[in-house]
Amino acid sequence: MRAAAAAAAAAAAATAPNGAASKEADDNSSPQRYIYTQVDIEHFKHSSARKELLGFVSAMGKGLTNSTSYTNGDSSSSSSSPHSYNAHAPLKDLSPALASLHGSLRCMSTWIDPNTTDGIPPDTNAKARFGNPVFRTWHQRLTERSGAIIKCLMECHGKYRNSHSETSSSSATTPSTKLDILKECSQLGYQAASSGSIPYDSHVVSPKEHEIITELRCYLHDSFGHPIRLDYGTGHECSFIVFLLSLYKIGCFNWTASGGGGNGGGGANPTSPEVISHASLSLLHAYLNVTRGLQRDYMLEPAGSHGVWGLDDYHCVPFYLGACQMRAREQWQQQRQQNQKKKKALDEKKESSGISTETDDAARRLPDNPYLPESTTVTDPSDPPITDTTHADNTDHWDPSIIHNRPILESYKDTYIYLSCIHFIQQIKPNVPFFESSPMLNDISHLGSWSKVMSGLLRLFEGEVLDKLPVVQHFVFGNIFKASWTPSRKGPLEAPKRTFIGGPGGDEMTGGMPVTRAPWAK
């Protein structure tokens, strides 16, 4: 790969004296804004880009509520509980490229730590209510190292995609071998984001690879807040989702070569929603670990927040994905109850017929609880009840009101992303009653089922994020995430740099930012 890239770079250099052609290629390959006015957003509403983005977010949740198992391109990794997130084994079902990204996010979460040699602690003398200016230094580091981060994940994808396809029929590719590969890629990703990483050099990759890296860098830069406005909001979160969507479209969610090719994992071996959802859970946990540090320590201003009348100051998608995860748990429990009833009826029938109910012990065991790292298997209902409080998740029914249970939040925040989001809100707003700080989330907690929550949150994401000009005007489009219309005017890459929370900057947009009524409100 390196030899081919070097040859391609040498050929390009021969035809581009003084680097002129290279600069022109950079200008042409850099993503551009396409949304400036309400006319553009109407084009966006009917575009394939919006359809892809909404479909991808929907698939992130759909895979969690789908009960079928999956293999992520390898039969050796099949699981009877494919939708769990194990905080102790976050790489378990990622691809090599995504494992590299996970390692980079893990390193990025240390950039703010004052106890590390590479840490950039906030300026304690800054007097601004929102936005510590040191965040600009943090973001500058991101722009400097993003090329190496993306180049590393692409190299892991190319290297192990080929080796896996060559050995997929061999016994050499065992689960332990896969885990070793994922750990190696994660460590490489960590190193790419660290101070000792080699700066990205466009001359050591092919022109096509450079074009992809350039586009992906733009999406990654926009995923962690704005360095001038010192804010963070759902638009930045959406940029990270676009970044993941772009990785999905070039095949980085799979081990095998057939999952990519720019068609979103289509073809003979399409990427399943289960693969998307499981990878998204792991990566969003790592991503939130970074963004929450930025929000808490750099006090980034909530971009475009509706205050207490919004879902959350900063996020939307993790709540939807978390509701889907809770719905999957709900489905697991419903299936477990049905199995209990069927077995009880069968045992009663056998007993009335004088047939022994003794069965093989292996046949009497239920599938693993998909959300408990500590548990291995759950015994048959006829076994003695589990009294260990750490395994209460096996039997307890959790409706949306479970968010008010503090011990549950503490115990399961690392497993259920919805509970993690609620726990973080309570951390940063410790002295405010929850019904006052988050009235919409409090209202949601009174709904009767998680299915209503997940469907409502997806509609809220569509109405409050994808259909709002102050949010989507910051989107940029390239050759992977494409815009299919001609923008209303030509302008700079950057969207307006002033905030849109009333007051100054309101004249930058057409009209105000009306609040969309919650889909479940009557």
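In which loop does aspartate 93 lie? Select aspartate 93 and look to either side: the loop runs between α4 (48-62) and α5 (96-108). Those labels follow DSSP runs numbered from the N terminus, where a helix is H or I over at least four residues and a strand is E over at least two.

A word on what you're looking at: this is a predicted model, where local features need pLDDT of at least 70 and side-chain atom pairs count only at pLDDT 80 or more, while totals for chains, interfaces and linings use all residues. Residues are numbered from 1 along each chain as its sequence is written, and side-chain values use heavy atoms, with hydrogens and water left out.

Stay on aspartate 93 for a moment. Its relative accessibility is 5%, so it counts as buried (under 20% relative accessible area; exposed is over 50%, partly exposed is in between, with a 1.4 Å probe and protein chains only).

Next, the rings. There are 24 aromatic pairs in the structure. Pick phenylalanine 135 and tryptophan 138: the ring centres are 5.9 Å apart and the planes sit at 15 degrees, so this pair is stacked. (Rings of Phe, Tyr and Trp, the last by its six-membered ring, pair if their centres lie within 6.5 Å; planes under 30 degrees apart are stacked, over 60 edge-to-face, and the rest tilted.) Both residues belong to helix α6 (residues 135-167), three residues apart, or about one turn of the helix. Phenylalanine 135 is buried at a relative accessible area of 0%, and tryptophan 138 is buried at 0% relative accessibility.

For an edge-to-face pair, jump to tyrosine 248 and phenylalanine 253, with 5.9 Å centre to centre and 90 degrees between the planes. Tyrosine 248 counts as buried at 15% relative accessibility, and phenylalanine 253 is buried with a relative accessible area of 1%.

Now select Trp111, Phe135, Trp138, Phe224, Phe240, Phe243, Tyr287 and Tyr298 together: ring pairs link them into a cluster. "Over" here asks for NZ of Lys or CZ of Arg within 6 Å of the ring centre and within 35 degrees of the ring normal. Elsewhere on the tour, arginine 329 lies over the face of tryptophan 398, at 3.9 Å from the ring centre.

Two backbone stops remain. Leucine 230, in the loop between α8 (207-221) and β2 (231-232), has a phi near 55 degrees, a positive value in a residue other than glycine. Leucine 230 is buried, at 9% relative accessible area. Methionine 299, in the loop between α10 (273-297) and β3 (301-302), has a positive phi near 50 degrees. Is methionine 299 buried or partly exposed? At 34% relative accessibility, methionine 299 counts as partly exposed.

Finally, zoom out. The protein chain has 17 helices and four strands, and 51% of its 522 residues count as buried.
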